[in-house]
Amino acid sequence: MKNHKFLLFVLVLTFGLFLAACGSSDEGEESDAGAEGTEEGTSGEGEATASGDYSIAMVTDIGGVDDKSFNQSAWEGITAWGEVNGLSQGNGFDYAQSSDKADYMPNLTRFVRDEYDLVYGIGFELKEDIQKAAEQYPDTNFALVDDVVEADNAVGITFSEHQGSFLVGVAAAMKTTTDKIGFVGGVDSPLIKKFESGFIAGAKSVNPDIEVDVQYAESFADAAKGKLIATNMYDSGVDVIYHASGATGNGVFNQAKDIKQNDPEREIWVIGVDRDQHEEGAIGDHNVTLTSMVKRVDVAVQDVANRGMLGEFPGGETLEYGIEDDAIVAATTNEEAMTEDIITAIEDYTKQILNGEIEVPHTEEELTTFLESL
């Protein structure tokens, strides 16, 4: 189900909630649950309380809450929601960090036991556990970021990542001087294939002959593997790498910055993902972040939380946030790198996507058909 007006909804509702929260200073003590992690599910004990008796929590995947990617973006959204409602961590909102897949279910169960109203699972790797938890605990609401869940008390939060990936693919093709670009994926899966397919389609729409090196780290939390893959790609002549790999992408940034530090004149770039990763590319007077494919996980989790607090939780639905919602964008923070011609091209392709002239592929099969039409 498309969620076309959600940004206006969030802004109006957030303003109203802020007014309602003014004058209230009933904040409890801050919990250290998130800071210390919850591998054994022992932190953050006690019943959660919230404005209007509504409370929310999230369980990270193994990338962690500070992955500089979608876990971090989700936590920023939850924190912002809590602050608007006069809440504090451990008193109305919280998170549990997962260091292993075995932590997912215990972390979810702990938040159910602590009577949180809405519990998020961040990332498609939590799908099985969110599905199980939703079935076992029908009185608790659940939300799964980046996948679908089938339960009346659960909602799937998805994004049109292939559209944003297409746009940064355009940027990559226009920026490369070698006509060789790279894609680093986390886990080879239908979700990350959306990123890969859109990226290749966008790049080849600009230059059908461009070479795209695709490699998967098979992890969202292996920066060393990301650095190794990036090393091999850059050594082979690739000069722009788009990563969709969570914390693994930190290694891609590290390698690009190492190269730039040793050879400041070399044109070397990284395209970030999920959040605007401009800061991750800073190295001295330079910045290796060309752009980022930003998906507003933060706004989406706030939207669902606000709906739940109003008694309008979209249980049994799958929400999709895309370009038309301003939930998918190509960042232009690096004004020196994102030249006017690149920005204009992205704007033109955005219009073509929105008016249906371009249907961006999100699977390998659709990509093959798309490329044949070029």
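A nonpolar core is a set of buried Ala, Val, Leu, Ile, Met, Phe, Trp, Tyr and Cys residues joined through side-chain atoms within 4.5 Å, where buried stands for under 20% relative accessible area, exposed for over 50% and partly exposed for the range in between (1.4 Å probe, protein chains only). Keep that in mind for the tour.

Before you start clicking: this is a predicted model, in which local features need pLDDT of at least 70 and side-chain atom pairs count only at pLDDT 80 or more, while totals for chains, interfaces and linings use all residues. Residue numbers run from 1 along each chain as its sequence is written, and side-chain values use heavy atoms, leaving out hydrogens and water.

**The whole chain.** Switch to cartoon view and you will find 12 helices and 15 strands; these are DSSP runs numbered from the N terminus (helices H or I, at least four residues; strands E, at least two). Of the 374 residues, 59% are buried. Contacts are heavy atoms within 4.5 Å, and among those with a separation of 6 or more, 72% link residues 24 or more positions apart.

**The cores.** Next, select Tyr120 and Phe166, which touch the most other members of the largest nonpolar core, a group of 72 residues. Around Phe166, beyond neighbours within four places in sequence, look for contacts that include Phe199, Tyr349, Ile353, Val360 and Phe370. Apart from this core lies another of 19 residues, with Tyr104, Tyr116, Leu126 and Ala133 among them.

**The sheet.** Now colour the strands of the open sheet: 7 of them, in the order S2-S3-S1-S4-S5-S6-S14, with parallel pairing. At the edges are S2 (88-89) and S14 (318-321), each pairing on one side only. Strands count as paired if DSSP finds at least two bridges between them; S1 (residues 56-59) and S4 (residues 118-122) have 4, in the parallel sense. Zoom in on Val59 to see Gly121 of S4 standing opposite.

**A glutamine in a loop.** Finally, go to Gln277, in the loop between S10 (269-274) and S11 (282-283). Is Gln277 buried or exposed? Its relative accessibility is 1%, so Gln277 counts as buried. Show its side chain and look for polar contacts (N or O atoms within 3.5 Å; within protein, one must be able to donate a hydrogen and the other to accept it, and residues adjacent in sequence count only if both atoms are side-chain atoms). One reaches the side chain of His243 at 2.9 Å; a polar side-chain atom of Gln277 also lies 2.7 Å from the backbone oxygen of Lys68. Other residues in contact with Gln277 include Phe253, Gly272, Thr289 and Ser292.
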